Amino acid sequence: MELEAPRAHHDLGGAGTYICQEIDRAAHTPTDFDKEVDAIRQILGAKGIMTVDELRRGIEEIPEAEYHQLSYYERWIRSMTANLLEKGVISEAELAAVLAAAA
Amino acid sequence: MAGTVLRLEEVAGERLLRAVAALLAAKGIASPTEITEQIAMTDNASPAQGARMVARAWVDPQFRALMLSDGTRAAEMLGIPMRGAPPLGVLEDTPDLHHLIVCTLCSCYPRAVLGYPPFWYKSGAYRARAVRDPRGLLAEWGTVLDPGVRIRVVDSTADYRWMVLPLRPAETAKWNEDRLAALVRETDMIGVTLPRVAGD
Amino acid sequence: MSGSPQLAVGSRVRVRDDWPETRGRVHIRTPHYVRGRTGTVVRCLGDFPDPEQLAFARPARILPLYHVLFEQPQIWLEGCAGDQLLVEIYGSWLEPS
């Protein structure tokens, strides 16, 4: 019997949960939401505000259940927001205020 | 706002995006115009770019040699913008070796020459199975390799981005470069399919 | 630059059998399935800043990056003889075998 390694939940090579799952080969065109998140990520990278490694680390820190529930670019915006807060580029108070104003 | 505890997990992605975009615009970090321009630039990258490289490599041995030693420079020679993109590596299929690209840790993809990664490339099933059951995975695309062909699965874990230079189908011996470029699909350059002449 | 290649193309290397993710917040680019495994260096890809530090916005040391080839069936105890896995691995994770 092969023991399951203590792998992190994003480290999916060979993961037993997926090994019998069929690939969804249908084309999914990126949405406006997807493209905007992607573009902001690129701008933050180009301006030296956030590296792609920080983005990934933030994605990996999303708890496992949520990680699998969120769409690809939902994970990105979550990680980007967490990174921007952590780095003090935006503050929690500012974000809360904008969210409240938009509610 | 003292004592506010923001729970990001309770904010829907779209709402979070609108709020973050507003803050970044207010701070002069990313304006709506910059975002629109960035989207337009990203949309310009598509599998047609990678296909042009493959077609050129099939007709021009010198270009092929350059593409295999320095993919970034080869792309730039065809006018594909590579500034700011990770280095591009190109791996060549041979009659007895087939390459298949995956990123098991996230979704590293040669975006500069292929565009946005397709949905399936980012899926858990693809990431899990490519390294462990590559032949079963290829079968889902209807791809069956000739007997004796080995598979080399490339896990794109770090600073490079990888694409496959597939074998040129024998039936295309008399085709010109444009016609060859039109034949090559994104799936051929990731290695889940092989270039195929329609109707054969 | 400190990260000139120390492992020659063709040399046998072992990936460290280390699991930093069990010890706290980390960002690791060495897939779990190659840890503790032995492969062959097929290419030196150049020097790059260590993503394990970049991920936390810390000053990053420069590491050599290698393309390392593994026999696929040995890793999964299944699969087709002759099939292989090619993985980018930073020098900090490799030791001569």
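How many residue pairs are in polar contact across the interface of chain B and chain A? In this predicted model, local features require pLDDT of at least 70 and side-chain atom pairs count only at pLDDT 80 or more, whereas totals for chains, interfaces and linings use all residues. Residues are numbered from 1 along each chain as its sequence is written, chains are lettered from A and ligands numbered from 1 in the order in which they are written, and side-chain values use heavy atoms, with hydrogens and water left out.

Across the interface of chain B and chain A, 20 residue pairs are in polar contact, both residues being at pLDDT 80 or more. A polar contact is a pair of N or O atoms within 3.5 Å; within protein, one must be able to donate a hydrogen and the other to accept it, and residues adjacent in sequence count only if both atoms are side-chain atoms. The side of chain B that touches chain A draws at least two residues from each of α1 (13-26), α2 (32-44), α7 (119-122), α8 (124-130) and α9 (134-140) of chain B, where helices are DSSP runs (H or I, at least four residues) numbered from the N terminus. The largest share, twelve residues, is supplied by α1(B). By class, this side of chain B comprises 29 nonpolar, nine polar and 14 charged residues; Ala, Val, Leu, Ile, Met, Phe, Trp, Tyr, Cys and Pro count as nonpolar, Asp, Glu, Lys and Arg as charged, and the others, Gly among them, as polar.

In total, 52 residues of chain B contact 54 residues of chain A (heavy atoms within 4.5 Å). The two chains bury about 4,800 Å² between them, with 67% on carbon and sulfur atoms; buried area is the accessible area (1.4 Å probe) lost when two parts are put together, summed over both. Five salt bridges are found across the interface of chain B and chain A, a salt bridge being a side-chain nitrogen of Lys or Arg within 4 Å of a carboxyl oxygen of Asp or Glu. In the pair Arg111(B) and Asp38(A), the closest N and O atoms of the salt bridge are 2.7 Å apart.

The area buried here is about 1,400 Å², of which carbon and sulfur atoms contribute 52%. Three salt bridges cross this interface, and Glu86(A) and Arg25(C) are joined by a salt bridge with an N to O distance of 3.7 Å. Five residue pairs are in polar contact between chain C and chain A, both residues being at pLDDT 80 or more.
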